[in-house]
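Colleague: I would like to learn how to read the helix packing in a model like this one. Could we go through it together, one feature at a time?

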Amino acid sequence: MKHILTLAVCLITLNACTTPSYVDEGKDEMSLNPLNQVRFKVFDSYKKSPPNCVAVLPFSDERDLQDDEALSFDESKAVRQAFYAHLAPQGKRDIELPRVDFLLDKLDKKEADKLDAMKNVLNCDAIIRGKILEFDSQFFGLYSRVAVGAEMEMVRLSDGEILWKANHVAQSHGGGLSLSPVGLAMGILDAATNMEEEQTLRLIDDLSRRLVSTIPDDNIAVLDEPIVEEKIILTRYKEETLSDFLKTLQAKEKPDQIAALEEALATKRFPFGERFTLYEQLISLDEKNPARHNDFAQYLAHAGDYSEAISATQASLSLNPKDDSIHFLQGRLLSKTSHYDDALSAYLKASAINNKNAEYLNGIGYVNSILGRPEKAYAAYEMALKQDPANGYAYYNMGVTLQNAGELENAADAYYGAGLAYIKNGRFGQAQKTLTDLNDLSSQGVDVSGEIKTLNEAIAELGKKET
């Protein structure tokens, strides 16, 4: 019964239910659309001292779910992944989600909720905590409603001060009233189509993008790419235990065991955490094959266990020192653990083996930026652009390098190039970041009105495609 009023109103005007209004609670603003609000507040504690690093913790889900209401994926994990994906392009340092989970698992249960313990293990200024408010779908024949809602807050770890908070419920409505038989049938079809899982993923993205857009982006810093691109995957696992599967291998010949293990990993037959045993089994059966160590290193990186992943890359390189992709992965891992000189060495080895790869040159540029060598960083980014003219990463970090050197007009050109490249590659969050930085340069007297207009229009179109 709680959604009857919403149903009645939305059947009359569906658009009013889908276009959100932003309400800044710190300014006592009134909502232009009470049916669909993004409510947020940026506290004075944030404005006085913005965090340089933010870690997104696992989100809680305190809804009272019945067994038959459970969907085919972890809702709180899906929202967290999407939120992080939109937050990552900001100028704050972030910690990849698997790494956050891995580090938090090291805490004693008694310390798991203590801010000072989190600060020590994460080595970060602030955390974002989230709670799922709603993850619901309703079908009424002529009308359907799908909603995903959450509330979040950013907390400084040193003193527990709340820096930012926000809440929102993203909604999608399908169907409508009609007096004609054809219109009635189309309304029923639209209501049913609105219930598809793809629509739920769109709403997760809408929710996350809207919430992140209320967090100020004050920092100018070179960006780094994530080691692992997190994807939201809708999966139902078979009613089969790992131990039962391993028992079936015992009667097989060695080549058939390897084939069965490869198939289980390729099809993601078991949950992520259980695949560790499958990789170990493969290595024990085929330890002289560098590809086994490569795959295990990728898995460990995805699990956030960077130290063991580095060891796995070393095992692979001892068997095949000419594998440029593993030198590169090793460089990424070393960079993420702040071993920048070793990371640079790994990137240089990768590039020496394959000097046509723009990603390797991006890595060389990034580490030189961190090590305070802007000339070498800039040269590496220029070389990367020669290999890949649509390399938004290189353009963006060149812009940061130029802005730090006081060359604001050249920095604006680089940011604009980054924005166009990111839009071409469909990367909404990164494109939005370049627009933020161009607006910052505009406030400093650089004439970028034309560039801002072009990017605004293109980003708006990109946002429509994503939603």
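Colleague: Which residues does UniProt list for "repeat: TPR"?

Modeller: The unreviewed UniProt entry lists residues 290-323 and 358-391 under that name; UniProt positions are given in the numbering used here, feature names are shortened, and annotations may be inferred rather than shown by experiment. Residues are numbered from 1 along each chain as its sequence is written, and side-chain values use heavy atoms, with hydrogens and water left out. This is a predicted model, in which local features need pLDDT of at least 70 and side-chain atom pairs count only at pLDDT 80 or more, while totals for chains, interfaces and linings use all residues.

Colleague: What is the helix and strand content over residues 290-323 and over residues 358-391?

Modeller: Helices (H or I, at least four residues) and strands (E, at least two) are DSSP runs, numbered from the N terminus. Over residues 290-323 the chain is 79% helix and 0% strand, with the end C-alpha atoms 9 Å apart; residues 358-391 are likewise 79% helix and 0% strand, and there the end C-alpha atoms are 8 Å apart. Pro-290 lies in helix 12, and its C-alpha atom is separated by 9.7 Å from that of Pro-321, 31 residues away along the chain. Leaving aside residues up to four places away in sequence, Pro-290 touches Ser-316, Leu-319 and Asn-320, where contact means heavy atoms within 4.5 Å.

Colleague: At what angle do helix 11 and helix 12 pack?

Modeller: Two packed helices are described by the angle between their axes and the distance between the axes. Axes are lines fitted to C-alpha atoms, for helices over the stretch in contact, and angles run from 0 to 180 degrees between N-to-C directions. Helix 11 (residues 275-285) and helix 12 (residues 290-302) pack at about 160°, with their axes 9 Å apart. The two are therefore roughly antiparallel, given that angles under 35 degrees count as roughly parallel, over 145 as roughly antiparallel, 65 to 115 as roughly perpendicular and the rest as oblique. Their crossing is left-handed, a term for a near helix turned anticlockwise from the far one by less than a right angle, with clockwise giving right-handed.

Colleague: Which residues of helix 11 and helix 12 meet?

Modeller: From helix 11, Arg-275, Phe-276, Tyr-279, Glu-280, Leu-282 and Ile-283 meet residues of helix 12 that include Arg-292, Phe-296 and Leu-300. The residues of this contact divide into seven nonpolar, one polar and four charged; Ala, Val, Leu, Ile, Met, Phe, Trp, Tyr, Cys and Pro count as nonpolar, Asp, Glu, Lys and Arg as charged, and the others, Gly among them, as polar.

Colleague: How far apart are the axes of helix 10 and helix 11?

Modeller: The axes of helix 10 (residues 254-266) and helix 11 are 10 Å apart, at an angle of about 150°, and this pair is therefore roughly antiparallel, with a left-handed crossing. The residues of the contact divide into eight nonpolar, two polar and three charged.

Colleague: Where does pLDDT stay under 50?

Modeller: Where pLDDT is low, the predicted coordinates should not be read in detail. The chain averages a pLDDT of 83, and 80% of the residues score at least 70, pLDDT being the predictor's confidence in each residue, from 0 to 100. Over residues 1-16 pLDDT stays under 50, and the model has 21 contacts beyond four places in sequence for them; residues 67-72 are also below 50, with six contacts beyond near neighbours in sequence.
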